[in-house]
Amino acid sequence: MTPDAEPRARRSRLSEDRERELYTAVIDLLRESGYDALTMDAIAARTRSSKATLYRQWGGKPELVVAALRSCRPITAADIDTGTLRGDLHELVRLRCGTSVRDASLMRALGQALHKDPDLMRAFRTLVVEPESAALDTMLRRGADRGEIAAGRPAARFVPHMVLGALAARPLLEGAEADPAYLAGYVDAVVLPALGL
């Protein structure tokens, strides 16, 4: 699935403004009540939509929530091409830092729901993780094609784990969010040397 692919269940297209309004309402409701307490009834009431329309467009709560979360990231890894792998990785963590710091508590709460709800995990993997991982693979292949890293470098398959680990581990280990300076240092000290740069 490409980064711009729509959830499987969508059958018709809403206007951009209406879609943005729906996604904003879903994110607001998530912040207010958390994933487990969020219902399609509450989303329908907040957005002045019918539940039937929401189900027709997104298929269910997991797909709608993940689509709303994805809408918070208007730029994806697929949009990044600075001309160097180092530049691409720095831009990637800079963009991730902006969204992760802003929505850190939301993502931590959602993290628990991801582990409890297989449908939410499946939607998140399909609509967010897989497209971003594929784009990161493309980024690394471009770096190999330019001769920046060796093709087949064993550490390349662990770059998503390293980046996600940096975002998740700092709050646990140091009680601070992974800010831009921290992530830039992490890329230079950990990710790039692992790739042989």
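This is a predicted model: local features need pLDDT of at least 70, side-chain atom pairs count only at pLDDT 80 or more; totals for chains, interfaces and linings use all residues.

I started with D88: its relative accessibility is 0%, so I put it down as buried, the cut-off being under 20%.

Next I looked for a partner. D88 makes a salt bridge with R142, with 3.1 Å between the closest N and O atoms. That pair ties together distant parts of the chain, since D88 sits in helix α5 (residues 85-102) and R142 in helix α7, 54 residues apart.

Then I checked E91, which pairs with R94 in a salt bridge at 2.7 Å between the closest N and O atoms. They are three residues apart in helix α5, so about one helical turn separates them. E91 is partly exposed at 24% relative accessibility, and R94 is also noted as partly exposed, at 45%.

Further along, E148 and R146 form a salt bridge, closest N and O atoms 2.6 Å apart. Shared partners join D81, D88, R142, R146 and E148 into one network of salt bridges. My total for salt bridges is 15.

Last, I went over helix α7. Its 28 residues (118-145) should span 40 Å at 1.5 Å a residue, and the end C-alpha atoms are 38 Å apart, so the two agree. I did find a kink of about 40° centred on R125. Buried residues of α7 include L120, F124, L127 and P131. Just past α7, G147 has a positive phi of about 85°.

Note on methods:
Residues are numbered from 1 along each chain as its sequence is written. Side-chain values use heavy atoms; hydrogens and water are left out. Helices (H or I, at least four residues) and strands (E, at least two) are DSSP runs, numbered from the N terminus. The expected span of a helix is 1.5 Å times one less than its number of residues. The bend at a residue is the angle between axes fitted to the seven residues ending there and the seven starting there. Buried means under 20% relative accessible area, exposed over 50%, partly exposed in between (1.4 Å probe, protein chains only). A salt bridge is a side-chain nitrogen of Lys or Arg within 4 Å of a carboxyl oxygen of Asp or Glu.
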